[in-house]
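Here is a friendly walk through one chain, with the sequence and the model side by side.

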Amino acid sequence: VFGRAKALDALGRNDEALAEYERLITDYNASEWHDDARLCKAEMLVRLDRLLEAEALYKESIGLLSDSDLLDEMKYNLGWVYIKEKKYEDAVDIFKELARRGTNDTLRISALLRLGDVYYGQKKYDDALSAYDTILKKYSDTLYADYAQYQIAEVFYAQEKYDSAILSLQ
């Protein structure tokens, strides 16, 4: 069922794919593909801009799948849904949690980047700088450090601290 749903999804046969994901979720609760079906269905709903449905499915899945390997990925994706819905404080809560206790460095760094970006968009520049600075301090040897460094310059530029913006890029 999961393979069929993925194939239908890839072919753009959205209604059929969603129905197959739902069938797996509903009828095959013990399947090893159950959690993946929840994640794929929610991701598909996001792609189709059906954000309220995606949000509801992510929340339900997070509540039901507390021991799933996909739990943090679902939380991260829910944070993105919140950003798209302009529910910034909800997104901040999720990204803060994942930055603190995410299951791997890539997830923690991505959460910090999103946290900084949300704060930047809200003009909470000190909070944005803190998130980006944490990346530079803890993860300076990753490719994400370049993005964080650039964003720090953007924050200073937005604050009209042009000298600091230039210095931050050196």
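M74 makes contact with D35, R38, L39, Y58, S61, I62 and L65, once its neighbours within four places in sequence are left aside. This is a predicted model, so please read the contacts and angles that follow as features of a prediction. M74 sits in helix 5, which covers residues 71-84. Is M74 buried or exposed? With a relative accessibility of 1%, M74 counts as buried, because the cut-off for that word is under 20%. For a sense of distance, the C-alpha atom of M74 is separated by 37 Å from that of S164, and the two residues are 90 apart along the chain.

Two packed helices are described by the angle between their axes and the distance between the axes. Here are those values for two partners of helix 5.

| Helix pair | Angle | Axis distance |
|---|---|---|
| Helix 5 and helix 6 | about 150° | 8 Å |
| Helix 5 and helix 7 | about 15° | 11 Å |

Take the pair with helix 6 to begin with. The angle of about 150° between helix 5 and helix 6 makes them roughly antiparallel, because angles over 145 degrees count that way. Their crossing is left-handed. On the helix 5 side, the contact is made by D72, K75, Y76, L78, G79, W80, Y82 and I83; helix 6 brings Y88, D90, A91, I94, F95, E97, L98 and R101. Sorted by class, the contact of helix 5 with helix 6 holds 10 nonpolar, one polar and five charged residues.

Now turn to helix 7. Helix 5 and helix 7 pack at about 15°, and they are therefore roughly parallel to each other, since the cut-off is under 35 degrees. Helix 5 passes helix 7 in a left-handed crossing. D72, Y76, W80 and I83 of helix 5 meet L107, S110, A111, R114 and V118 of helix 7. By class, that contact of helix 5 with helix 7 has six nonpolar, one polar and two charged residues.

**A closer look at helix 6**

Helix 6 runs over residues 88-101, which makes 14 residues. At 1.5 Å a residue it should span 20 Å, and its end C-alpha atoms are 20 Å apart, so expectation and model agree. Which residues of helix 6 are buried? They are A91, V92, I94, F95, L98 and A99. The buried residues of helix 6 pack against helix 5 and helix 7, the latter spanning 105-121.

**Two loop residues with positive phi**

Most residues other than glycine have a negative phi. D49 has a positive phi, near 60°. It lies in the loop between helix 3 and helix 4 (51-64), and D49 is exposed, with a relative accessible area of 56%.

K123 has a positive phi as well, near 65°. Where is K123 placed? It is in the loop between helix 7 and helix 8 (125-138). At 60% relative accessibility, K123 counts as exposed, because the cut-off is over 50%.

Methods:
Residues numbered from 1 in each chain as written. Predicted model: local features only at pLDDT ≥ 70, side-chain atom pairs only at ≥ 80, totals over all residues. Heavy atoms only, no water. Helix = DSSP H or I, 4+ residues; strand = E, 2+ residues; numbered from the N terminus. Buried < 20%, exposed > 50% of the residue type's maximum accessible area, 1.4 Å probe, protein only. Contact = heavy atoms within 4.5 Å. Expected span 1.5 Å × (residues − 1). Axes fitted to C-alpha atoms, helices over the stretch in contact; angles between N-to-C directions. Parallel < 35°, antiparallel > 145°, perpendicular 65-115°, else oblique. Left-handed = near helix turned anticlockwise from the far one by under 90°. Nonpolar A, V, L, I, M, F, W, Y, C, P; charged D, E, K, R; others polar.
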